Amino acid sequence: MLGALLLHIPYVVLVWFILAGLVERIGYWVLGRKPRHPGTLPARLPRVCIQLPMFNEQLVAARAIQSACALDWPKDKLEVQVLDDSSEERARAIVDEAVAVQQSLGMNCYVVRREERTGYKAGALEHARKLTTAPYLALFDADFVPQASFLLAILPHFYTKQGELLEDLALVQAQWGHLNPCCSSITMAQSLWIDDHHTLQMNWFVLPSAPLKSSRQGVKRDLARLTWIDNARSICTATCCICCALRERTAPTSHANPDRLFTASKPSFPKVEFQQVRSLRSAFWRTLATSRRRRAAAYGFVNFTGTAGVWRNQAIDDAGGWSGSCLVEDCELSFRVLFTGYRTTFARELVPAELPASFAAYRAQQRRWTMGWAQLIRLHAQQLLLSYPCGPVKRCHLLYQMFLSVQWPLWMLWQLMLPFLFYTKMRAHWAGLYVYPPMAYMLAMSLFTSVEAVARESRAAAEADGKWRRRLRLIGVFLSSLSRVVPCMLISSGMLVHQACAWVEGLLTEHGVFERTPKTGALPSVRSLP
C-alpha cells in the first residue's frame, strides 16, 4: 500500500497543477470577463520608443517596420529602433531599405546594430535601451502586426482617471492574436493554448483598474482574497479611526499610523472626513474599503511574454536591465521587476502574430521556452520561496506560475510508471482517477476559449448580415474553436519526450543557444478565428 502511494506521487502533484488550472479558468469565468477601464492620458503625451528585435527576418522585416511606424502617436513623441543582429546581407539590405522609406516620411526611425550578438535578444534590447531617453518602451517581435490604435489603448493603463502616473506599474502586456490559426493542425493546436494562456490565465487574476466599490459586500468579498495579515492591518486601520473619532467627536486633525503594530514607524492616524458619511459604522466600512484597495493593488502580476507589451524604462533600469542569463529573458525580467517592488498588468488589446507553421519550427520554439523556464526556476525559485515578502496566497500563485514547466518531466515520469503500476496491480481501483482530471482540464480550456471566441466575434459582427446568418456564423466559430482541442492533445502528447528532455537540459545548463523561430510572412487566413 505504501509503495503504491509513493509511486503515485508524480500524479498527485500533476492533479494539484490541474486543480490550480481549473481554478484559473473558473476564476476567469467569474471575475476575468469583467471589463477593465484604463486611466486617462495626460495632456502632454509622453515619448514612446518602439523596439523591433530582428535576426535574419527577410520575409517580415519590412512589414514589422511599417506597422510600427504607422502607430497612431505624435511623430515628435515616437521613436522606432530596429535592433538588427542579422548575419545575412540580404536581410540587412531589406531592413535598411524599409528604414530609409520611413525616414523619408519624417519618422524618427533608425537601425541599431552590434558587432557581436552577445546575449542574443536580451543583449540587443539592453544595448538599445541605453540609446533612448523615452520613458516607455513598446516591444514587438518581427512577426507581430499591431493595430494603429495600440499605443492609445495601452498607455492609458499607466495612468489614473485624473491623468496621474501609476508609479508602481512597470508593464502592460497585450493579448496575442493570430494571423494563421487555421493554416494547419499545428497552428490550430498553438492557437488554442495561446488563447488559453492569454485569455483565461492572464485575465482572471489581474484586478480591475476601475474604482472599487466601498460597500460592505464588496469589502467582505475582497478581504477574502487577502492574507490574514492584510486583513488585520485593514481592520486595525479602520478601528483606530473609529476610536479616534469617538474620542474627538469631530474629524481628527492629527495623523497616526495604526500599522505601528506591524512596523516600527512613527505612529500617526489617517484623517477621516466624517462629514461625508452618515454614521461611524459607514465610516468604518469606507476606511476599510480604502485600506483594502491599497493592499489589493499589490497582487497583480503577469509575466511579460516577450512581445506585444509596453514597459516603463525606469522599472527595467531599477531591476538591473535585461539579462542574457536565461533563454526566457522576458519572464526572467518580469520576476526581477516583481522583486524590485513593481507590479504588472494585462490589457485585452489583440496584437495578431504569425504562428510557426512547420513542426520543426514549433519544436525549436518550444525547446527554447521550456529550457528557459527551467533556467528561471534555478535562478529565482529560492528568492521567491524564501525571501520575497508577500502573503502565502500570492506566494503559492507565483510559485505555481513559475513551476508550470515542471509538468513536462512529471508527465513523462508518470507515463513511464503506468505500465509498472498496471502490471503489479498497484494502480487505483477506479480507473477514472487517471482519466477525468486531465479531461476536465482540457474541456474547461477548450470550452472557455471557444466561448470567448464567440463573444469577440459577436462584438465584431456586422448587424447588416442578418439575424440567422449571424447566428450561423457564431455557431461555426464555436465549433471551429472547439475542434482545436483534438490536435492540441495529440501534438502535446507527441511533444512530451522532447519537452521533458528540454526541461532537464535547461535545469542543468547555465546557458543555451537562442534558436530563432523561422517566419514565413503569413497573411491573415480566410478561416482565421477571431
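Which residues are exposed on the other side of α18? A few notes on this predicted model, starting with that helix.

1. Leu490, Ser493 and Gly494 are the exposed residues on that other side of α18. The helix spans residues 485-494, and its buried residues are Val485, Pro487, Cys488 and Ile491. Viewed down the axis of α18, these buried residues fall within an arc of 160 degrees, so they line one face of the helix.

2. Now to the sheet. It is open, with 7 strands in the order β3-β2-β1-β4-β6-β5-β7 and mixed pairing. At the edges stand β3 (109-112) and β7, each with a single partner strand, so one side of each has no neighbour in the sheet. From one strand to the next, the twist averages 25 degrees.

3. Within the sheet, β1 and β4 pair in the parallel sense over 4 bridges. Cysteine 49 stands opposite leucine 137 in β4. Helix α5 (residues 120-129) packs on the sheet, where it touches β1, β2, β3 and β4. The direction of α5 makes about 150 degrees with that of β1.

4. The largest nonpolar core is worth a look too: it has 43 residues, and Ile50, Ile65 and Leu151 have the most contacts inside it. Elements giving two or more residues to this core include β1 (48-54), β2 (78-84), α4 (89-104) and β7 (343-353). The most comes from α3, with 5 residues.

5. Leaving aside neighbours within four places in sequence, leucine 151 is in contact with Val48, Ile50, Leu71, Trp73, Leu78, Ala138 and Pro156. There is also a second, separate core of 29 residues, with Phe17, Trp373, Ala374 and Leu384 among them.

Note on methods: Residues are numbered from 1 along each chain as its sequence is written. This is a predicted model: local features need pLDDT of at least 70, side-chain atom pairs count only at pLDDT 80 or more; totals for chains, interfaces and linings use all residues. Side-chain values use heavy atoms; hydrogens and water are left out. Buried means under 20% relative accessible area, exposed over 50%, partly exposed in between (1.4 Å probe, protein chains only). The arc is that of the directions from the helix axis to the C-beta atoms. A nonpolar core is a set of buried Ala, Val, Leu, Ile, Met, Phe, Trp, Tyr and Cys residues joined through side-chain atoms within 4.5 Å. Contact means heavy atoms within 4.5 Å. Two strands pair if DSSP finds at least two bridges between them. Axes are lines fitted to C-alpha atoms, for helices over the stretch in contact, and angles run from 0 to 180 degrees between N-to-C directions.
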